[in-house]
Every structure is written in structure tokens, then in C-alpha cells.
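This briefing concerns a two-chain model and the packing between its chains. Please consult the sequence and structure shown here.

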Amino acid sequence: MRTQAQPATPPYTPYHPRWYRTHVSTYWWMHRWVYFRFVLRELTSFGVAYFCVMTLLYVRALSRGPEVFQAFQSRLASPLFICMTVVALFLALFHTTTWFSLSAHAMVVRVGGKRLPGVLIVMGNYGAWVVVSAILSWLLLR
Amino acid sequence: MAKRPIEPFLWTLFSGGGVLAAFFVPVLLFLLFLAFPLGLLHAPSYDALHSLIAMPLVRLLLFVACSVPLFHWAHRFRYTLDDGLQIKHLNEFVDILCYGGAVVVTLLAALLLWNFS
């Protein structure tokens with residue numbers, strides 16, 4: 001159905017519209033705190049990777065005898081490694097807290113047909129975290 | 001996002017690794033790499049640690065705890081590079097760097113823990 005206002009053949013326009021594209025800076029994530037926090041959360045994975053690699057090196061040193069292990073331990077106490085470990089530990093803690101906050105959105109737990117509030121799921125995660133950390137500490141400190 | 005049949009599997013490894021890392025990494029990082037080397041807490045002896053890791057179950061747990069979180073890292077870093085630096089055109093290179101790195105370290109971990117003596 002054609003309305004009367006519209007001509008039978010639309011007139012040709014020698015005009016090509018330019019696509020609307022805003023330029024996003026490479027450093028967009030430095031412009032706002034929330035963006036920066038997002039990138040920081042993504043980079044917590046480096047703390048996790050550091051843990052994996054260092055733990056494997058720890059096991060390797062352990063398998064090579066007491067002397068090698070002792071040397072490895074004293075290298076771990078050097079300022080460079082302590083700095084890297086402290087940074088990795090902060091990243092790991094940031095990962096744990098953000099991951100638990102996220103779990104409230106990712107997990108839907110229903111009890112008696114009702115959805116459990118997110119606060120309880122987050123608290124449950126923290127509780128389990130304390131238990132896991134306590135068991136591991138007991139294993140290594142007894 | 002690239003349409004690849006492997007994508008759901010990568011997301012599973014990402015979240016599995018995220019859970020493992022959230023629970024295991026802070027306490028072990030603090031004890032093994034900070035408290036024990038600095039002497040803040042009394043470290044177990046070499047023999048105690050050695051016999052602990054000699055247990056197959058402990059080695060299996062260590063393998064899981066040191067491999068799946070690597071894929072969590074790979075997944076996060078890949079998207080950080082893609083979005084953060086806007087280098088989607090370097091997709092193949094980034095994928096090989098991230099997932100390939102995780103695969104290589106996982107294989108080394110398997111070798112190391114299997115042959116532990």
C-alpha cells in the first residue's frame with residue numbers, strides 16, 4: 001500500500017551517509033574507576049597463573065632433593081619474589097571477593113520453591129572458603 | 001564473539017578454574033610463598049612436605065589446582081587483550097599465546113607430578 005505523498009520512484013541521491021562510529025581510545029579503561037576496576041579484575045588472573053607456575057616449581061624443587069629445595073626456599077625470600085608474591089596475593093584476594101559476589105548472580109539456589117537471596121549464597125561461599133583455608137593450613141602447620 | 005564449537009568448553013574451564021582459584025589460591029600463596037620463606041610461621045620439614053606430595057591423591061589435587069586455573073587465566077587474558085587493547089584482528093595469535101601456554105604448562109605439570117619421587 002502506497003501513500004499519496006510518496007513518489008513512484010524515489011529520487012536518486014548522490015549522497016552516501018558516513019557510518020556513525022565513535023572512536024574509542026586504547027586507554028578507555030583508564031578513564032573511569034569502574035572501568036579500571038573491571039580491567040584490574042581481569043588481570044587478577046595473573047595472580048592465579050603466578051600461583052600455578054610457582055607451585056609447580058615448588059614441587060619440582062622438592063623432587064630434586066633437600067639442597068635444591070633449600071636454595072629454592074631462600075630464593076623465594078628474596079625481595080623480588082616477595083614483592084611479586086605480595087602483588088599476586090592482593091590480586092588473588094581481589095579475585096576471591098569479586099568471584100564470590102558474582103556467584104550470587106550466577107547461582108540460583110531454590111529452597112522450598114523460593115529463590116535463596118544472594119546475600120546468603122555469598123555468605124555461604126565465604127564460609128566454605130574459611131573452611132577450605134583452615135583445612136589446608138592445618139595440613140601444612142600441624 | 002567467535003563462533004566456535006569449543007567455546008562452551010572454554011567457558012566451563014574458565015568458571016571451574018575461577019572457583020578453584022577463589023578457594024585455594026590465597027591461603028596457599030600466603031603460606032608457601034610468603035609465611036614459610038620469611039619464617040613468619042613454622043614451615044613443615046622437607047621430609048614432611050615430600051611425603052605429603054608423594055601421596056597420589058595430593059598430587060591429583062595439585063594437578064587440578066595448577067592446571068584448570070591456567071585456562072581461567074588464558075580466557076580472561078584473551079578477552080582483556082581483545083577488548084582492552086582492541087586487537088581483535090590478532091585473534092589467532094592471542095589464542096595461541098593464551099590457550100597454548102595453558103596447554104603447555106598443563107602437560108609439564110602432568111609430567112612433573114606423574115614422575116614425582
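The model is predicted: local features need pLDDT of at least 70, side-chain atom pairs count only at pLDDT 80 or more, and totals for chains, interfaces and linings use all residues. Residues are numbered from 1 along each chain as its sequence is written, while chains are lettered from A and ligands numbered from 1 in the order written.

**Interface**
- In total, 42 residues of chain A are in contact with 43 residues of chain B (C-beta atoms, placed from the backbone, within 7 Å).
- Helix 1 of chain A gives the most to the side of chain A that touches chain B, with 18 residues (helices are DSSP runs of H or I, at least four residues, numbered from the N terminus).

**Nonpolar core**
- The largest nonpolar core holds 47 residues, of which A:Val48, A:Phe51, B:Val25, B:Leu28 and B:Leu29 touch the most other members.
- Such a core is a set of buried Ala, Val, Leu, Ile, Met, Phe, Trp, Tyr and Cys residues joined through C-beta atoms within 7 Å; buried means that 20 or more other C-beta atoms lie within 10 Å of the residue's own.
- Helix 1 of chain B supplies the largest share of this core, 16 residues.
- Beyond its neighbours within four places in sequence, A:Val48 is in contact with residues including A:Ala92, A:His95, B:Val25 and B:Trp73.

**Chain B**
- Chain B has 4 helices and 0 strands.
- Buried residues form 35% of its 117 residues.
- The C-alpha trace of chain B spans about 50 × 30 × 20 Å along its principal axes.

Definitions and conventions: Buried ≥ 20, exposed ≤ 12 C-beta atoms within 10 Å, placed from the backbone. Helix = DSSP H or I, 4+ residues; strand = E, 2+ residues; numbered from the N terminus. Contact = placed C-beta atoms within 7 Å.
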